[in-house]
Amino acid sequence: MYRFWLSGSTLLTSILEGEKMSIVSFDTLEFVKELESHGFSSEQAEALAKTQKRAFEQALETQLATKSDIHVLKSDVNEVKSEIRLIKWMLALVIVVTVIPVLKDIFS
């Protein structure tokens, strides 16, 4: 779940996951001041700040994995590893049960 706060000109994005919370901060006012100090007009700087803010929002919603996402993925991988381990043992048992009678017949 994502929540966005604008505090003055600062965008704070929180990713709420149970009790854990990560915050990504983008100070749009500082960004605008920096652009203006390098020759951008106020209108240009504000437009770039809005565009950058939207890009951050989109990245957080669609492209970036949270710690919770990574934890879920690791759990899924571990579950698959456990299932593969079980399948290996089952296959080994089937091979042993199949091969032992054939070996008995050969050596008897």
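L91 is exposed, with a relative accessible area of 51% (exposed means over 50%, buried under 20%, partly exposed in between, using a 1.4 Å probe and protein chains only). L91 lies in helix α3, residues 67-107. This is a predicted model, where local features need pLDDT of at least 70, side-chain atom pairs count only at pLDDT 80 or more, and totals for chains, interfaces and linings use all residues. Residues are numbered from 1 along each chain as its sequence is written, and side-chain values use heavy atoms, without hydrogens and water.

**Overall layout**
- The chain has three helices and three strands (DSSP runs numbered from the N terminus: H or I of at least four residues for helices, E of at least two for strands).
- Along the sequence, the pattern reads β-β-β-α-α-α.
- The chain has 108 residues, and 16% of them count as buried.

**Surface**
- The accessible surface of the chain is about 8,700 Å², and carbon and sulfur atoms hold 62% of that (Shrake-Rupley method, 1.4 Å probe; for residues, only the protein chains shown count as cover).

**Helix α1**
- Helix α1 covers residues 28-37, and its buried residues are T28, V32 and L35.
- These buried residues fall within an arc of 65° seen down the axis of α1, so they line one face of the helix (the arc is that of the directions from the helix axis to the C-beta atoms).
- An α-helix has 3.6 residues a turn, so residues three or four places apart point the same way.
- D27 caps the N-terminal end of α1. A side-chain oxygen of D27 lies 3.1 Å from the backbone nitrogen of L29.

Technical notes. Polar contact = N/O pair within 3.5 Å; in protein donor to acceptor, adjacent residues only side chain to side chain.
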